[in-house]
Amino acid sequence: MKFWLPEASSNAPEVDFLLLALTLMAFAVLALVALLMIRFMFRYRAGSKVDRGAIAKKTWGVESAWTGATLLVFFGLFVWGANLYVRQFQPPADALTIYVVAKQWMWKTEHAGGQREIDALHLPVNRPVRLMMTSEDVIHDFSIPAFRIKHDVLPGRYEAMWFRADRPGTYDLFCSQFCGTDHAKMLGQVVVMQGPDFQQWLQRNGTSDTLVASGRALFIRNGCDGCHGGRGTVRAPSLNGLYGSPVPLSDGTTVIADDRYIRDSILMPSSQVVASYAPVMPSFSGVVGEEDLIRLIAYIKSLASDKQS
Ligand code: CUA
């Protein structure tokens, strides 16, 4: 077994460097304090012949330099760490979105083309990947140590994070939040492949049901098109061009229609009613599961791109 984990994402070297810097700084301060303590213990031990009469004068220079230097160093480490953390949650625009649904005790992943996996995740190398994660039951935590990423996966909402795997290979996927009896068995494998291999994998595992296509079928089966269908916008707002656009609500506020907004509107329609519409939409909570929500959202997103083109 190797002592140091492989660094397999663009993020990993910086995380390791930060950890190293933090550890070295902590050791430097520890060593300084410990050495001074030991030195004074011996120097001023009982019976030693040192001058104890002189009263130390306050040395402003030394004091402010020491305080200023440590403040600067540790505040610098904080800014560095915070910056790294914030960047992990701001995916670039061209990131490939993959959906992750956690449940006791497995990871379900789903690609835009409808390819589904359990306890596995296939990825292309050197391509930013954005994970949209949610849980069907309790709090889990999606963690790939070789990529130096981890993030809680919460029931009832979407959590996103991104990374760029930069080394082909197979890596471990863990749940790192205690989530019940079989938490320790909630493991998986992440397979990072070269671009052409990944395309082949997608084709081999492809179905005719892309997320958008099966979302469209669900949209019709649940009767959504009865009110939100193309023509009539009397009872309900049209969904064309909705994704990513601002939506005025009846309480006077405005929200951006992102994945979370659409999800909440399906499950809790009366919580965010669009301005000038009556709150007549029934809740689909308990009717539409997490995986079907992902498909419905993918379909509604595709309506947005229809409008742009
Ligand atoms: Cu899921 Cu621990």
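These are my notebook entries on what I looked up in this structure.

**Entry 1: the model**

I am working with a predicted model. I keep that in mind for each entry below.

**Entry 2: the surface patch**

I looked for nonpolar side chains on the surface. I found a patch built from Leu32, Val33, Leu36, Met37, Ile38, Phe40, Met41, Phe42, Tyr44 and Trp66. Which helix gives the largest share of the patch? Helix H1, residues 12-43, supplies 8 residues. I picked out phenylalanine 40, which sits in H1. Its relative accessibility is 42%, so I noted phenylalanine 40 as partly exposed.

**Entry 3: the other end of H1 and a salt bridge**

I counted salt bridges next. The structure holds 15 of them. One of them brings together the side chains of aspartate 16 and arginine 148, at 2.7 Å from N to O. Aspartate 16 belongs to helix H1, while arginine 148 is in the loop between S6 and strand S7 (149-153), so the pair ties together parts 132 residues apart in sequence. Are these two residues buried or exposed? Aspartate 16 has a relative accessible area of 8%, so it is buried. Arginine 148 comes to 14%, and it is buried because that is under 20%.

I went on to glutamate 159 and arginine 157. Their side chains meet in a salt bridge at 3.0 Å, N to O. Glutamate 159 is buried, at 10% relative accessible area. Arginine 157 is partly exposed, at 37%.

Then I checked arginine 263 and glutamate 290. Their side chains form a salt bridge at 2.8 Å, N to O. Arginine 263 is in helix H6 (residues 259-267) and glutamate 290 is in helix H7 (residues 290-308), so this pair ties together parts that are 27 residues apart in sequence. Arginine 263 is buried, with a relative accessible area of 3%. Glutamate 290 is buried at 11%. I also found a network in which salt bridges share partners. It joins Lys108, Glu110, Arg116, Glu136, Glu291, Asp292 and Arg295.

**Entry 4: strand S9 and its partners**

I turned to the strands. Strand S9 (residues 169-175) pairs with strand S6 (residues 140-144) in the antiparallel sense, over 2 bridges. Serine 143 has phenylalanine 174 of S9 as its bridge partner. How many bridges join S9 to strand S10? There are 6, and S9 and S10 (residues 187-193) run antiparallel. Aspartate 172 is bridged to glutamine 189 in S10.

I also looked at tyrosine 171, which lies in S9. Tyrosine 171 is buried, with a relative accessible area of 9%. I took its C-alpha distance to phenylalanine 27 and got 31 Å.

**Entry 5: cysteines**

I checked for disulfides. The count comes to 0. Cysteine 175 is buried at 7% relative accessibility. Cysteine 179 is buried at 5%.

**Entry 6: one side of H4**

I asked which residues of helix H4 (residues 211-221) are buried. Leu211, Ser214, Gly215, Leu218 and Phe219 are. They span an arc of only 150 degrees around the axis, which means they lie on the same side of H4. Glycine 223 follows H4, and its phi is positive, near 75 degrees.

Most residues other than glycine have a negative phi, and most peptide bonds are trans. Then I listed the departures I found.

The peptide bond between glutamine 104 and tryptophan 105 is cis, with omega about -5 degrees. Tryptophan 105 is in the loop between strand S1 (96-103) and strand S2 (106-110).

Aspartate 119 has a positive phi, near 55 degrees. Where is aspartate 119? It lies in the loop between strand S3 (116-118) and strand S4 (120-124). At 25% relative accessibility, aspartate 119 is partly exposed.

Asparagine 126 also has a positive phi, near 55 degrees. Asparagine 126 is in the loop between S4 and strand S5 (128-135).

Definitions and conventions: Residues are numbered from 1 along each chain as its sequence is written. This is a predicted model: local features need pLDDT of at least 70, side-chain atom pairs count only at pLDDT 80 or more; totals for chains, interfaces and linings use all residues. Side-chain values use heavy atoms; hydrogens and water are left out. A disulfide is a pair of cysteine sulfur atoms within 2.5 Å. Buried means under 20% relative accessible area, exposed over 50%, partly exposed in between (1.4 Å probe, protein chains only). Patches are made of residues with over 30% relative accessible area and no salt bridge: like charges are joined within 9 Å, nonpolar side chains (Val, Leu, Ile, Met, Phe, Trp, Tyr) within 5 Å. Accessible areas come from the Shrake-Rupley method with a 1.4 Å probe; for residues, only the protein chains shown count as cover. A salt bridge is a side-chain nitrogen of Lys or Arg within 4 Å of a carboxyl oxygen of Asp or Glu. Helices (H or I, at least four residues) and strands (E, at least two) are DSSP runs, numbered from the N terminus. The arc is that of the directions from the helix axis to the C-beta atoms. Two strands pair if DSSP finds at least two bridges between them.
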